[in-house]
Amino acid sequence: MVVRGHAENRRRPATVDETDTTALPHGVASVLAVLPSSAVVLDHEDRVLRASSAARAFGLVKGDRMMAAELLALARKVRRDGEIRESEIEVAGHKFGQEATTFAVRVAPLGSHGQVLVLAEDQTERRRVEAVRRDFVANVSHELKTPVGALSLLAETIQDAADDPEAVTRFAGRMQHEAARLNYLVQDLITLSRIQGGEPIPTPGPVPVDEVIHEAIDRCNTKAAAKDITLVAGGTEGLRVWGDDELLVTALRNLIDNAVAYSPDHTRVVVSTRPAGEAVEVSVSDQGIGIPESAQERIFERFFRVDAARSRATGGTGLGLAIVKHVSVAHGGEVSVWSKEGSGSTFTLRLPAFGGTAIAVPPSSTTNPLEAAK
């Protein structure tokens with residue numbers, strides 16, 4: 001009987017020694033392996049028993065030590081009284097140039113041997129989005145107040161000047177200007193909102209770059225003619241990109257409009273294309289006032305204006321370049337700028353070529369493609 005008992009003991013599956021303070025409770029390791037957040041298990045001496053790859057990637061854990069002092073302090077409080085605690089902490093970046101990361105933290109006791117589970121969810125992107133949304137609402141409110149307030153004031157002025165036809169005509173013209181500005185702002189907001197929604201381009205296809213340039217120039221001709229600015233198209237013809245033609249026309253129109261608005265009278269704005277390996281580059285160059293180097297990193301931000309007074313005078317909404325940026329991103333491309341004060345600016349859209357390589361397609365006739373697109 002005794003021998004058989006020993007044999008049974010030898011065949012019995014091994015179990016966790018309940019006196020082992022470094023063993024994880026059954027099933028915990030499997031759960032930690034699938035958690036998307038940063039997860040760390042500390043023993044009774046604050047040593048790391050298990051840490052997820054995310055926790056190590058964020059620099060919360062190094063070796064068997066927890067590097068975030070705030071998390072260690074929370075873990076000790078939880079170990080002392082057994083109460084679950086939640087908090088939000090900010091951890092400095094552990095790499096050169098890395099920004100601080102904000103975490104939503106939940107710390108709970110684990111087992112009966114002083115072990116503590118720390119869960120840290122990265123909230124940095126959510127906080128950034130919230131800040132952008134707040135800024136966007138504040139900016140929109142401010143931008144809408146200006147034309148709406150002007151329309152209200154002009155309407156009152158016209159009512160008071162009902163017996164003065166000349167004044168009525170003058171103020172009615174101002175009302176039309178403010179109404180047009182309001183319309184442009186609303187349209188740009190709708191366009192930007194649609195692009196920023198992250199929705200895929202509904203019906204992407206091959207887009208002839210020549211036709212996009214022709215249409216964009218056609219829409220800008222009136223403004224350019226008012227300043228005697230010549231719009232010129234050049235470069236490699238017959239190139240195609242993959243995407244949505246209307247969105248690309250909108251982006252290019254904004255670049256041309258911007259060039260016209262900030263260029264002196266009697267100058268030229270040149271739109272040129274060239275193949276660039278697996279991409280097509282479309283550049284818009286002007287002879288305008290240029291952009292200060294300190295402002296070039298911010299010009300693609302919503303409502304950012306280098307010269308706010310001039311932008312409002314020309315009817316600019318401050319959204320044009322933001323639209324260009326988001327259109328390029330939606331197409332898997334990018335937009336860049338070269339500029340020097342007093343020497344003009346060049347904005348370049350770099351877009352993926354249709355078919356993977358920028359190849360010029362010969363026109364079906366000897367007619368210039370820009371003319372044929374009419």
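Modeller: Residues are numbered from 1 along each chain as its sequence is written. Because the model is predicted, local features need pLDDT of at least 70 and side-chain atom pairs pLDDT 80 or more, whereas totals for chains, interfaces and linings use all residues, and side-chain values use heavy atoms, leaving out hydrogens and water.

Colleague: In which sense do strands β6 and β7 pair, and over how many bridges?

Modeller: Two strands pair if DSSP finds at least two bridges between them, and a strand is a DSSP run of E with at least two residues. Here β6 (residues 101–110) and β7 (residues 115–122) pair in the antiparallel sense over 8 bridges.

Colleague: What is the order of the strands in the open sheet?

Modeller: The order is β2-β1-β7-β6-β5, with antiparallel pairing. At the edges lie β2 (48–51) and β5 (85–91), each of which pairs on one side only. Neighbouring strands of this sheet are turned against each other by 25° on average, direction ignored.

Colleague: Which helix lies across β1, β5, β6 and β7?

Modeller: A helix is a DSSP run of H or I with at least four residues, and angles run from 0 to 180 degrees between N-to-C directions, along axes fitted to C-alpha atoms. Helix α4 (residues 69–81) lies across these strands, running at about 165° to β5.

Colleague: How many helices and strands are there in the protein?

Modeller: The protein has 11 helices and 14 strands. Of its 374 residues, 38% count as buried, meaning under 20% relative accessible area with a 1.4 Å probe, protein chains only.

Definitions and conventions
Buried means under 20% relative accessible area, exposed over 50%, partly exposed in between (1.4 Å probe, protein chains only). Contact means heavy atoms within 4.5 Å.
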